Amino acid sequence: MSETVVDLKQLREMLHHFDTLHIAFQDDEYPYIVPMNFGIGDDKDKIVLYIYTPGERKMTRLIKENPHVGI
């Protein structure tokens with residue numbers, strides 16, 4: 001059974017062990033899931049993830065239409 005991690009410190013520590021995340025964007029009826037490399041920003045009150053989106057393509061359009069994503 002999976003468990004939700006809500007402690008920011010614990011989540012930051014977990015993220016440092018990964019080099020790839022699968023990010024799900026909402027695309028019409030079904031999610032659009034992409035494996036991506038990422039960077040972690042330095043903010044004490046929240047976790048900031050930096051991802052690369054190449055130009056004005058599908059991911060950029062989807063995140064502009066709905067900024068809520070799943071990781």
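Is Gly70 buried, partly exposed or exposed? Gly70 counts as partly exposed because its relative accessibility is 31% (buried means under 20% relative accessible area, exposed over 50%, partly exposed in between, with a 1.4 Å probe and protein chains only).

## About the model

This is a predicted model, where local features need pLDDT of at least 70, side-chain atom pairs count only at pLDDT 80 or more, and totals for chains, interfaces and linings use all residues. Residues are numbered from 1 along each chain as its sequence is written, and side-chain values use heavy atoms, leaving out hydrogens and water.

## The core

Let's look inside. Nine residues make up the largest nonpolar core: Leu15, Leu21, Ile23, Phe25, Val34, Met36, Phe38, Met59 and Leu62 (a core is a set of buried Ala, Val, Leu, Ile, Met, Phe, Trp, Tyr and Cys residues joined through side-chain atoms within 4.5 Å). At least two residues of this core come from each of strand E1 (21–27), strand E2 (30–36) and helix H2 (58–65), and E1 gives the most, with three. Helices (H or I, at least four residues) and strands (E, at least two) are DSSP runs, numbered from the N terminus.

Not counting residues up to four places away in sequence, Leu62 touches Phe25, Gln26, Asp27 and Tyr32 (contact means heavy atoms within 4.5 Å).

## After helix H2

Gly70 lies in the segment after H2. Leaving aside neighbours within four places in sequence, Gly70 is in contact with His22, Ile23 and Ala24. Gly70 and Phe25 are 45 residues apart in sequence, with 6.9 Å between their C-alpha atoms.

Val69 also has its place in the segment after H2, and counts as partly exposed because its relative accessibility is 36%.
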